[in-house]
Amino acid sequence: MSQQFRSVVRGVGKYVPENEVTNVELSKTIDTSDAWISERSGIRARRIAPRGMTTSFLAVEASKKALDDAGVSAKEIDLVIAATLSPDYFFPGIGSLLQHKLGMNPVGAFDIRQQCSGFVHGLAMADAFIRSGQARKILFCCAEIQTTIMDMTTRGRNMAVLFGDGAASIVLEGIPIASDAERPRADNTVRGVIDNITGGDGGGAENLVMRAPGTSSPDFINAADIEEGRRWPHMDGQTVFKNAIMRMTEVAETLLTRNGLKPADVSLMVPHQANLRISEMVRDKLGLPPEKVFNNIHKYGNTTAATVPLCLAEAVEEGRLKQGDLLLTVAFGAGFTWGANLVRW
Ligand code: ACO
């Protein structure tokens with residue numbers, strides 16, 4: 001039998017732009033109110049990157065912290081995975097930029113375009129690379145600067161008030177497994193990724209979409225795309241809301257059940273931070289008490305791919321996620337995409 005490995009999270013790190021914009025401040029430039037935003041979403045503030053700051057800049061800062069936390073040097077990393085919907089360039093992706101800016105060896109570096117499911121899908125991919133022995137030390141970064149791709153005026157207020165900028169990274173290490181007893185499972189205490197589920201339904205694509213730039217436009221992007229608003233993201237909020245609750249609950253239940261677990265066995269659930277009402281409804285459907293769910297949407301809004309690792313970094317800082325804990329992460333996003341991971345932290 002060829003050598004097998006388990007994927008252990010060695011370090012986490014986060015970076016958010018300094019500029020905090022509260023709902024009250026935002027309502028000076030957009031026709032909205034603190035009450036409208038906070039009652040519907042739980043968001044009270046978000047970070048907004050200054051014009052000209054790039055997503056790869058946030059990614060580098062978060063990744064340096066994750067590498068420090070892991071005690072791993074950039075030269076030891078043998079694969080980079082980046083999740084973002086807001087890259088510096090249409091191509092290449094930020095994975096390559098991150099590899100270069102951190103002075104890594106010429107290792108594989110790629111981006112995934114999984115939107116709000118970026119972390120849960122990226123972790124499943126990183127785990128697959130490690131389990132198969134194709135990578136031993138992976139830097140996985142989720143980063144977004146979305147406030148420059150949104151219409152931050154009253155015209156775009158249904159989306160503009162929900163999103164923010166930020167980044168967070170993790171470092172994963174593959175540990176050789178000598179026997180089946182050393183494989184992480186729900187019924188032992190071996191550290192590592194236990195199981196993952198990724199799901200998707202492109203039938204939901206038009207409900208949360210940014211149409212230009214793209215080949216759906218005859219010129220990739222043209223003046224009409226800008227004038228008629230196709231260069232801004234479009235969202236059918238209520239459809240997204242209903243599907244998010246349904247899919248997040250369903251995928252969490254499936255992952256737990258197939259590992260012989262009940263929600264009560266989980267030490268901490270970290271849901272994607274789209275809307276506090278979505279997190280609360282998923283929590284309620286799973287029957288979890290509030291102390292078993294980590295949310296920080298009130299501070300950062302929806303940072304898309306970065307929400308789950310931003311929560312992980314803060315849960316560790318606050319002592320709510322400790323070595324040996326059973327962690328459940330779950331997300332839903334544009335595509336539609338969804339997924340969940342079960343990890344012995
Ligand atoms: N401030 C004030 N009023 C607003 C704003 C705003 N920022 N945005 C919209 N409104 C108005 C609308 O124009 C509408 O007015 P009208 O009734 O006169 O036409 C009214 O508020 C109600 O709008 P609705 O869209 O019906 O409000 P709803 O209660 O559905 O809440 C929301 C909207 C918060 C977007 C909700 O649908 C939601 O959270 N959906 C999930 C979307 C989401 O989380 N997306 C994130 C990306 S995907 C993901 O991460 C999973």
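**Entry 1: Terms and model**

I count Ala, Val, Leu, Ile, Met, Phe, Trp, Tyr, Cys and Pro as nonpolar, Asp, Glu, Lys and Arg as charged, and the others, Gly among them, as polar. I note that this is a predicted model, in which local features need pLDDT of at least 70 and side-chain atom pairs count only at pLDDT 80 or more, while totals for chains, interfaces and linings use all residues. Residues are numbered from 1 along each chain as its sequence is written, and side-chain values use heavy atoms, with hydrogens and water left out.

**Entry 2: Surroundings of the ligand**

The side chain of H272 has an N or O atom 2.7 Å from an oxygen atom of the ligand. For N302, a polar side-chain atom lies 3.0 Å from a ligand oxygen atom, and for W36 the distance from a side-chain N or O atom to a ligand oxygen atom is 3.1 Å. The ligand on its own has 1,000 Å² of accessible area (Shrake-Rupley method, 1.4 Å probe; for residues, only the protein chains shown count as cover), and the protein covers 72% of that area.

I took helices (H or I, at least four residues) and strands (E, at least two) as DSSP runs, numbered from the N terminus.

**Entry 3: Pockets**

I searched a 1 Å grid over the protein atoms alone: a cavity is a set of points where a 1.4 Å probe fits but cannot get out, and a pocket is an open set with protein on both sides within 12 Å along at least five of seven lines; lining residues have an atom within 4 Å of a point. Grid points are joined across faces, edges and corners, and a volume is the space filled by probe spheres set on the points.

Which pocket holds the ligand? The ligand sits in the second largest pocket, where more than half of its atoms lie within 2 Å of the grid points. That pocket has about 450 Å³ of space. Of its 22 lining residues, L162, M235, G237, F241 and N275 are the closest to the centre. Here α8 gives the most to the lining, with 5 residues.

The largest pocket has a volume of about 870 Å³. Its lining has 33 residues, and L85, S86, R113, I149 and M210 are the closest to its centre. I find 20 nonpolar, 9 polar and 4 charged residues in this lining.

**Entry 4: Cavity**

I found 1 cavity of 30 Å³ or more in the whole structure. The residues F5, R6, S7, D127, R131, I177, R183, P184 and V193 line the largest cavity, and β1 (4-15) supplies the largest share, 3 residues.

**Entry 5: Backbone**

I looked up two cis peptide bonds: F91 to P92, with omega about 0°, and A212 to P213, with omega near 5°. The residue P92 is in the loop between β4 (79-83) and α4 (94-101), whereas P213 is in the loop between β9 (208-209) and α7 (223-227). F220 also lies in the loop between β9 and α7; F220 is not a glycine, yet its phi is positive, about 75°.

Key
Polar contact = N/O pair within 3.5 Å; in protein donor to acceptor, adjacent residues only side chain to side chain.
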